[in-house]
Amino acid sequence: MKYINANKVLPEKLIVEIQKYVQGETLYIPKPETEYRKWGSSSGGRRLLDHRNASIKKSFNSGSSIEQLAEEHYLSIETIKKIVYSKKQ
């Protein structure tokens, strides 16, 4: 998150109004909910994890043990269990 001086982006009347509530503090103004993105949607990280998890499920359904998958993917046994037993496709 980067810092922007309010004097450079907000009208003076709005700054005066905000100063009634906050002065000299850092104020976070969140995005509207319509602008939120799911984690990893911009970087592609979510897609990579979904692909990895599908591969783990496929291997498990083909006979690989949970322990083997944990070692192969450098994940905990509990994480592998969450992946293979989840309903998500």
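Accessible areas come from the Shrake-Rupley method with a 1.4 Å probe, and for residues only the protein chains shown count as cover. I started with the surface. The protein chain has an accessible surface of about 8,200 Å², and 53% of that belongs to carbon and sulfur atoms.

**Ground rules.** I noted that this is a predicted model, where local features need pLDDT of at least 70, side-chain atom pairs count only at pLDDT 80 or more, and totals for chains, interfaces and linings use all residues. Residues are numbered from 1 along each chain as its sequence is written, and side-chain values use heavy atoms, with hydrogens and water left out.

**Overall build.** I looked up the secondary structure. Helices (H or I, at least four residues) and strands (E, at least two) are DSSP runs, numbered from the N terminus. The protein chain has five helices and zero strands. Its radius of gyration (taken over C-alpha atoms) is 23 Å, well over the 12 Å from the globule rule for 89 residues, so the chain is more spread out than a compact globule. That rule is 2.2 Å times the number of residues to the power 0.38. Along the principal axes, the C-alpha atoms fill a box of roughly 65 × 20 × 20 Å.

**Burial and contacts.** I set the cut-offs next. Buried means under 20% relative accessible area, exposed over 50%, and partly exposed in between (1.4 Å probe, protein chains only). Of the 89 residues, 15% count as buried. Contact means heavy atoms within 4.5 Å. Among contacts with a separation of 6 or more, 33% come from residues 24 or more positions apart.

**Helix H4.** Which residues of H4 are buried? In this helix (residues 66-73), I found Ile66, Leu69 and Ala70 buried. Seen down the axis of H4, the buried residues fall within an arc of 100 degrees, so they line one face of the helix. The arc is that of the directions from the helix axis to the C-beta atoms. These buried residues pack against helix H3 (45-61) and helix H5 (77-85). Tyr74 follows H4 and has a positive phi, near 55 degrees.

I checked Asn53, which is found in helix H3. Asn53 is buried, with a relative accessible area of 17%. Leaving aside neighbours within four places in sequence, Asn53 is in contact with Arg46 and Ile83.

Arg52 also lies in helix H3. Arg52 is partly exposed, at a relative accessible area of 26%. Not counting residues up to four places away in sequence, Arg52 touches His73, Leu75 and Ile83. I also looked up Glu35, 17 residues from Arg52 along the chain; their C-alpha atoms are separated by 28 Å.
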